[in-house]
Amino acid sequence: MGDIVKQPGRLRPAPENFLSEEQVKAVAAGRRDFLRKSFLAAGAALSAPLVARASEGDANILQNPAWTTSLGQPVAARPYGMPSQYESQLLRRESPGLARVGGASVSFAPLQGLFGIITPSGLHFERHHQGWHDIDPSKHRLMVNGSDDSLLKKAKVYTLDELMRLPSASRIHFIECGANTGLEWGNVAVPTVQYTHGMISCSEFTGVPLKYLLDDCGVDYKKARYVLAEGADGSSMTRTIPMEMVESGEVMVAYGQNGEMLRPENGYPLRLVVPGVQGVSWVKWLRRIEVGDMPYATKDEAVHYIDLLPNGLHRQYSSIQEAKSVITTPSGGQTLLDKGFYNVSGLAWSGRGRIKQVDVSFDGGINWQTARLEGPVQNKALTRFNTNWVWDGKPAILQSRAIDETGYVQPSYGQLRAVRGTKSIYHNNAIQSWKVIESGEVSNVQVL
Amino acid sequence: MSRFFNASLCRRGTKTLLVLAVAGVSSAALAVDHFSGVGRQATPAEVKAWDIDVRPDFKGLPKGSGSVDQGQELFEAKCASCHGTFGESNEVFTPLVGGTTKDDMKTGRVKGLSSGELPQRTTFTKVATISTVFDYIQRAMPWTAPKSLKPDEVYAILAYLLNLSEMVPGDFVLSDKNIADVQKLLPNRHGMTTEHGLWPGAAAAKGGIGNGGKPDTQNKACMKNCKPGAVIGSTLPDYARTAHGELYDQNRNFGPVRGTRTLGADAVAAPVAANPNLELATKNGCMACHGLNAKIVGPGYNEVLARYQGQADAEGRLVAKVKAGGQGVWGSVPMPPNGHLKDEELKTLVKWILSGAK
C-alpha cells in the first residue's frame, strides 16, 4: 500500500474505482476495516443479496450486475441517439481568454479521447466569425454569378431540393483551422492536445462537386481563374479559392456529414469543402459562388490568416495545411497509470495528399521508429497511427513526425522558426513533444 | 448511363477526375445535358441583392461618399462599443488603428512590423488593399446588425478611420471617385507577398500566384542518433496548467490513462445548477461586455442593480436602454442597440438583472 502513496501516477485503481483517493489514503494508513466496509457498500449498491469476498475474484464478475438481471430500454427510447451517460467528459471546449466574444470564438475537439479518423459530428471543432444560425433549408439558396457577365453564360440560383438531385460524391477529408497550434508559435501555452491541436476534425462529406455547378452555368475557365465563396451568416464570410482546385473536382458544395446533414455549427444546410486548405476557406452556410479573374483580398485573406515573416512582410493567400501529426494518447494533461505496455496512438495529415509514413520518437527526436498506419489512408484525410511502447518508468519525450506522399517531412520547431520567426499565428505544423516524468504525468514541452 | 458512370468515378478521387479532364471528356456538356430542370437563371435584382463584394480593383464598389465628421458620429454610435471611440480598443476585438507612421505612408511598408517596436498589430498596420476594409464594413458591420449600413455610411466610417490613421485630413470626404487615391497612401500597401508554397494554385510563372506549392522547410527523416541530445526550449508555465480547469474531468475515467489532477485531489466539480437567464445573456453576447459582479467593457450587473434599485420605472427604462443602446451613463464606451433580442427576452434579462442577476 505504501507504494501507492509514493507513486501516485502508478496507482492501480480497484475495479470500478470504488475507492476515492481519500479512501485509498485511509486504507494505506492502516484502516483496513474501512476497506471491508467500502466493499460492503459497493455490494449493497448493486442490491446483491450476497457479498463475494475479494479473494474469490472480481465482484463485477461474481455478482451479476443489474444490467444482466433486468429489462433494458426499448428501441427508439432516444430517437436521435446520445452518447453513454459515462461519456460526459469529452466535450468540445473553449480555451479561456482566447476570445472575448462567443460569436467570434473557437471550440476545440477533444482529440485526447477520440478513436480512428472520423470526428463525431457533435464534437467537430467550431470557429465562427459572427455566431451561428440554424438556417431553414427550404429558404436557403445558392447563387452562382460572375464578377462580370463575360465570365459565365448565365448566373443561376439553386435550392436544396435541386442541389440534392445532382450527382453526389462522398469523401473523407480533414478540416483544420489555419490557426490550429497557433497559440504555441512562441512558446508552450496550453496544457492538452485538445487545445494545442483540437482545431482539426475529419468527416465524410457528401455533396456536389462545385465544378458541376460551374459547368452548368457555362463558366469560362480560361478567364475565370478564381472563385469567391460567400456565407449566409452575418459576417458573410468570404474567401478566394483557386480555380485549379475546383477543376480537379475536389471542391464540393456539401450538405451531408457523416451520414447525416451538416450540423448547424458546421454550416447547415450547405458548406464548401476545400480539401487540404485551411478551414476558413470551407465557407459555412454557403450562399454564393462568384467566379472572377483576380483574387478578392477579403478580410480573412488580407487582414487575418496572413503570416508575418521576420522581415515584416506578410504572406497572403496562404491556404494549404502542410503535413503535420500529433500523438493523442498519451498526451499533455494525462497521467500514465503504470509502467509496462502502451499503444501510443496519434493522427497525421497533409493538405498535399496522402500520409506516407509516420515516425515516433521516445527520446525527444534522437532516435525514431516507424509507426503502423491504420487504414484507410486517404487523400487529405486524417490518418491514424499506432506504435508499441513499453514504458520503463523513466522520463521520456514523445514525438511524432509525418511524411506525406510528396516526400515532405514535418519540420521541428527550430526549422520552422528559422524561416518564419515567432510572430506568426497561422500554419504552425512543427513537431509536437510530450514529456513523461516518473510519476507518469505527461506535459506539453517544446524541443527545438 | 454515362451520368452515373461519371458520378461513381468521382468517388475514386482526384486522380480519376484529373484524368477525365485531361482526356477531354466534356463534363460540361454532360452536366448541362443532364441537369435540365435543376436551378434557374438569377434575376438582375437577385444578383444585385447578393453580389456585394468589392475587389482590390474596386469592381463592385457602390457609388457614394461620406465625410470624416459624419463618420465620427456614426462610429461613436455603432462601432465604438467594440472598437473604442478612436478604433484603438483591444477590449473586444484587436485594434483597428495605430502603429503606422507618416514615413510608412511614403514607403508603403509598416516599419514596426520588422523592427519589433509594435506591441500589437492593428488593421491598418496589416491591410494592403483599402477595398478589403470597405468590403468588410459593408458586409459584416456593425457586429449586431450586419449589412445595415448604407453605402454613404460605409464611406463615412471608413473616412473617419483613415483620418484616425492620419492618412487624410479632418475635412476629407471619401467617395467612389477618390478611394483609388487613398489606396496609394496605405501604410502597408507593399507589405504582402504571395511567394510561398501555401497557395494551392499554379506558380506565378505559370499565371497563378504563389510558388506552385514548394515548401519552405526541408526536414530530413533521420532515424538513428539524429542529434546529440534533446534540448527542451519551453515548458508549460504553471498558470497555464490550471487555466483550462480540472484536466482530470476532460478525460475518461477508464482506459490507459487518466486526466492529470490540476486543481488538486480535493477539488470536486461543483454541480452547476441550470441558469436559463445566464444562458440567455451568454447566448446573446451580453456577457462579453458585462460581468455579473464586475465591470468588463460595460458595468457589472451588480453595479446596474445598485443604480436602479428601488426605482419604480427601472424595468421599463432599462428595457428601452438595452434595446436602443446608450452612451455616457457608464463611461465613454457606448452600448450598441440590441435589435437582435426579442422583446420578451429583453424583459426577462432586465428582470433578472434587477433581481440580482444570480
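Q: In which loop of chain B is B:Pro142 found?
A: Some ground rules to start with: residues are numbered from 1 along each chain as its sequence is written, while chains are lettered from A and ligands numbered from 1 in the order in which they are written. You're looking at a predicted model, in which local features need pLDDT of at least 70, side-chain atom pairs count only at pLDDT 80 or more, and totals for chains, interfaces and linings use all residues; side-chain values use heavy atoms, leaving out hydrogens and water. Helices (H or I, at least four residues) and strands (E, at least two) are DSSP runs, numbered from the N terminus. With that settled, B:Pro142 sits in the loop between α10 (130-140) and α11 of chain B.

Q: What is omega for the peptide bond that joins B:Met141 and B:Pro142?
A: Most peptide bonds are trans. The bond joining B:Met141 and B:Pro142 is cis, though, with omega at about -5°.

Q: Which residue of chain A is joined to A:Pro376 by a cis peptide bond?
A: A:Pro376 lies in the loop between β20 (372-374) and β21 (383-391) of chain A. The cis bond, with omega near -5°, runs to A:Pro376 from A:Gly375.

Q: At what angle do the axes of α5(B) and α11(B) cross?
A: Two packed helices are described by the angle between their axes and the distance between the axes. Here axes are lines fitted to C-alpha atoms, for helices over the stretch in contact, with angles running from 0 to 180 degrees between N-to-C directions. The axes of α5(B) and α11(B) come within 7 Å, and they cross at roughly 100°.

Q: What does that angle make α5(B) relative to α11(B)?
A: Angles under 35 degrees count as roughly parallel, over 145 as roughly antiparallel, 65 to 115 as roughly perpendicular and the rest as oblique. The axes cross at roughly 100°. That makes α5(B), relative to α11(B), roughly perpendicular.

Q: How many residues in the contact of α5(B) with α11(B) are nonpolar?
A: A contact means heavy atoms within 4.5 Å, and among the residues that meet are B:Leu74 and B:Phe75 in α5(B) and B:Ile157 and B:Tyr160 in α11(B). Ala, Val, Leu, Ile, Met, Phe, Trp, Tyr, Cys and Pro count as nonpolar, Asp, Glu, Lys and Arg as charged, and the others, Gly among them, as polar. The contact has one charged residue, four polar ones and, for nonpolar, eight.

Q: Why is the ring pair of B:Phe75 and B:Tyr160 called tilted, and what is the angle between the planes?
A: Rings of Phe, Tyr and Trp (its six-membered ring) pair if their centres lie within 6.5 Å; planes under 30 degrees apart count as stacked, over 60 as edge-to-face and the rest as tilted. B:Phe75 and B:Tyr160 have ring centres 5.3 Å apart, and the pair is tilted because the planes are at 50°.

Q: How far apart in sequence are the parts tied together by the pair of B:Phe75 and B:Tyr160?
A: B:Phe75 is buried (under 20% relative accessible area; exposed is over 50%, partly exposed in between, with a 1.4 Å probe and protein chains only), at 1%. B:Tyr160 is buried too, at 2%. B:Phe75 lies in helix α5 (residues 68-78) and B:Tyr160 in helix α11 (residues 151-164), so the pair ties together parts whose separation in sequence is 85 residues.

Q: Is A:Ala297 buried or exposed?
A: Most residues other than glycine have a negative phi. A:Ala297 has a positive phi near 50°, and it's found in the loop between β12 (286-292) and α9 (299-302) of chain A. With a relative accessibility of 2%, A:Ala297 counts as buried.

Q: Is B:Asn225 buried or exposed?
A: B:Asn225 isn't a glycine, yet its phi is positive, about 45°. It lies in the loop between β4 (192-193) and β5 (232-235) of chain B. At 65% relative accessibility, B:Asn225 counts as exposed.
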